[in-house]
Amino acid sequence: MANMAQAIRMALHFAENNYQLKDVFGQDVGAPLGGVFTATQGVKSAWNTPLDERGIISMAMGIAMTGERCVAEIQFADYIFNTLDLLKLAGNTHWASNGQYPMPLVVMTPVGAGIRGSLYHSHSFDSWASRLPGWKVVIPSNPRDAYGLLLSAILDPNPVLFMPPKALMRVRGEELIPGEPLDEKELRTRIDAPIGDRSQWQPDFPAIQEYLVPIGQGHIVLPGKDITLVTWGRYVDICKPIVQNLIQQGVQVELIDLRSIYPYDWNLIKTSVLKTGRVLFVNEDTEVTNFAEHLCYRTVQELFYHLLARPQVLAGKQLPGIGLHPNLEDVSVPSSAEIEQVLLAIANEVP
Amino acid sequence: MAKSSFKSLDKALLLELYKKMLYSRILEERLIKIYKAGDAFFWIGGPGEEAWGVSLGQLVLKGKGPQYDYLHLHYRATPTLVAMGMPMIDSIRLIMNRVTDPCTGGRNFSNHYCFPKWNVTPVTSPIGVQYATALGTAHVQKRQQSSGISIITGGDAGTAEGDFASCLIWSSRKGQELPLLITVQNNRWGISTSFEGQHGETHIADRARAFNIPALVIDGTDPIESYKAVESQMSYIRKTGKPAFIEAHVTRLYGHSSASGANMSTSEVCPLQKFEQSLLQQDFLSSTTIKIWRDEFEAEGFAAQQSVRSELSPQSASVWDHVYADAQNPDWRTF
């Protein structure tokens with residue numbers, strides 16, 4: 001199975017050939033590196049920019065003003081903060097122009113901790129992104145979804161923020177992307193650039209097919225009847241074994257991968273919470289004004305009389321950064337032990 | 001101004017430049033009256049930039065799409081839009097935030113123009129951002145081998161923003177140069193802060209020269225010098241596909257905006273009066289003609305204000321319109 005970086009590469013390749021994608025750009029995105037995560041390796045329309053995040057977002061906005069589509073990369077979400085007012089502008093341009101200037105652009109930026117990345121390679125952007133009206137915001141938890149969400153993002157006539165988790169870029173999926181070879185070694189040989197001189201190297205992309213994950217549509221990863229657990233990004237894989245473990249303890253957790261931060265799949269959450277009466281929202285962005293607090297608020301407002309326990313949010317600590325040492329990083333974001341403990345507390349809460 | 005200083009521009013063009021400068025000034029003064037009459041919440045605009053702005057607008061390759069020029073303008077660009085053919089009523093609908101406002105539908109301030117039919121991209125309140133978004137339109141024009149170029153206007157204070165540096169860096173990379181006309185309208189003010197309080201460089205144009213971008217410093221209160229400069233720089237860009245730069249020294253005749261009173265400053269050069277005097281001296285124009293034109297334009301502005309007063313305001317429910325370009329419901333309460 002492809003890893004997430006390979007899946008992104010294949011999506012960009014597919015979009016070049018089928019969606020008239022002409023520009024994929026960012027720092028170190030073009031040859032010879034093909035991105036620090038290799039997610040743009042072998043993509044023929046990928047080119048290198050100056051080390052200038054504001055320039056990258058501005059370039060994307062200008063391209064979008066002509067009606068052309070592009071994918072711009074900010075190498076790590078940690079470095080996107082100096083573009084916030086431009087993101088705001090990209091999100092309000094269609095509205096401010098009374099519908100006259102659509103902004104069909106995609107910004108790809110890896111998010112989250114988990115790679116021992118210290119202060120400036122561990123940031124999350126989920127909650128900040130949710131405060132950018134006019135944008136659609138997606139975050140994949142596996143390579144197949146990364147492929148499908150990125151294609152949907154490129155086709156979308158609005159600005160879309162595509163945020164693959166840094167820690168998942170090298171993680172292989174469990175489901176094939178349509179057209180992907182069965183043998184992962186074959187895929188690697190065909191589309192991974194060799195170490196050393198790459199000047200003559202050309203990728204040999206498999207005949208991949210269109211596969212779209214609709215923006216705004218979540219997914220039930222594991223069904224359950226006792227508690228709803230809503231998460232996204234790298235926490236889907238972190239939560240899976242916890243949920244499987246709790247089955248042994250007689251607690252059936254319904255695990256939802258939200259996949260889209262905005263617009264989000266409220267019907268999926270609502271249907272699940274109406275069934276379970278109990279819900280926990282988990283993510284790694286900092287906890288104060290965390291996006292999950294909005295989901296929790298809506299749960300209380302709309303489903304209050306169906307709840308059997310207090311809905312809860314478990315998020316990253318309100319700290320100025322992620323410290324490098326594992327003792328510092330691990331305590332800054334929700335741990336498996338914490339998640340399990342809170343799930344059990346919610347399960348055992350007596351209304 | 002002697003006849004020789006008309007630099008071979010013919011009489012018809014000179015009169016057209018003057019007429020549009022006059023039209024732009026009377027429009028801006030009408031906008032100020034509209035604000036002072038309580039028919040608008042805010043005014044900001046370009047009195048003092050007519051000589052520069054009209055000359056620029058006259059030379060734009062006007063149309064829609066990458067084969068034509070893109071304009072990334074600042075909020076003092078009424079003269080440019082007037083030269084391109086904008087009628088007064090469009091600007092008045094914008095400042096009076098009516099549903100008929102062709103630029104924003106009642107959503108944004110005066111002079112925040114947007115005309116997709118002429119590639120006029122939305123003017124923004126954050127200063128300087130247009131210097132870098134223009135990179136994208138120029139990039140597409142270069143790829144399409146278009147004769148269209150991307151044009152940026154902006155104030156001198158805005159050059160302190162990083163986006164100005166982005167523009168110079170990205171557009172001048174060897175082999176990747178972009179067809180950009182980068183201009184700065186230097187009125188020597190940043191709201192209430194003087195030029196000296198913001199700049200150490202002798203000329204802003206010197207910054208462009210550091211990137212091997214051919215740069216001119218001109219008197220932007222002189223329409224002939226402005227016209228010639230824009231014409232020559234545009235010609236260079238269309239021929240080479242590379243960027244060029246103009247720093248035009250202009251004036252700010254009614255202060256920063258209505259926030260600073262929007263009152264006439266008599267200490268600054270008035271480009272309209274200056275040009276008018278030279279045309280009168282050369283008998284290219286008579287006082288009678290000036291009065292006829294002035295009365296005609298005043299009447300147009302007055303009638304437009306009266307007419308727009310009775311036009312519909314945007315409905316509250318329309319606030320959700322156009323958040324997204326597709327059918328996506330943007331309101332979380334209802335999805």
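How many salt bridges are there between chain B and chain A? The count is four, a salt bridge being a side-chain nitrogen of Lys or Arg within 4 Å of a carboxyl oxygen of Asp or Glu. Before you go on, some housekeeping: this is a predicted model, where local features need pLDDT of at least 70 and side-chain atom pairs count only at pLDDT 80 or more, while totals for chains, interfaces and linings use all residues. Residues are numbered from 1 along each chain as its sequence is written, chains are lettered from A and ligands numbered from 1 in the order in which they are written, and side-chain values use heavy atoms, leaving out hydrogens and water.

**Stop 1: where the chains meet**

Select R143(B) and D23(A): they form a salt bridge, with the closest N and O atoms 2.8 Å apart. Now widen the selection to the side of chain B that touches chain A. The elements giving two or more residues to that side are β1 (70–72), α5 (129–143) and α6 (162–171) of chain B (helices, H or I of at least four residues, and strands, E of at least two, are DSSP runs numbered from the N terminus). Colour α5(B) next, as this helix gives the most, with nine residues. By class, this side of chain B has 23 nonpolar, 14 polar and eight charged residues; Ala, Val, Leu, Ile, Met, Phe, Trp, Tyr, Cys and Pro count as nonpolar, Asp, Glu, Lys and Arg as charged, and the others, Gly among them, as polar.

Show both sides together and you have 45 residues of chain B in contact with 44 residues of chain A, contact meaning heavy atoms within 4.5 Å. The two chains bury about 3,700 Å² between them, 61% of it on carbon and sulfur atoms; that is the accessible area (1.4 Å probe) lost on putting the two parts together, summed over both.

**Stop 2: the largest pocket**

Centre the view on Y75(B), T124(B), S125(B), P126(B) and I127(B), which are the closest to the centre of the largest pocket among its 46 lining residues. Its volume is about 680 Å³. On a 1 Å grid over the protein atoms alone, a pocket is an open set of points with protein on both sides within 12 Å along at least five of seven lines, a cavity is a set where a 1.4 Å probe fits but cannot get out, and lining residues have an atom within 4 Å of a point. Points are joined across faces, edges and corners, and volume is the space filled by probe spheres set on them.

Which element gives the largest share of the pocket lining? Highlight α3(A), which supplies seven residues. The lining divides into 18 nonpolar, 21 polar and seven charged residues.

**Stop 3: a cavity**

To find it, pick lining residues including W232(A), R234(A), Y235(A) and E284(A).

**Stop 4: chain A details**

Zoom to P32(A), in the loop between β1 (23–26) and β2 (46–48) of chain A: the peptide bond from A31(A) to P32(A) is cis, with omega near 5 degrees. Jump to Y262(A) and P263(A) for another cis bond, with omega near -10 degrees.

Finish with R116(A) and D330(A), a salt bridge whose closest N and O atoms are 3.0 Å apart. R116(A) lies in the loop between β4 (105–108) and α4 (126–130) of chain A and D330(A) in helix α10 (residues 326–332), so the pair ties together parts 214 residues apart in sequence.
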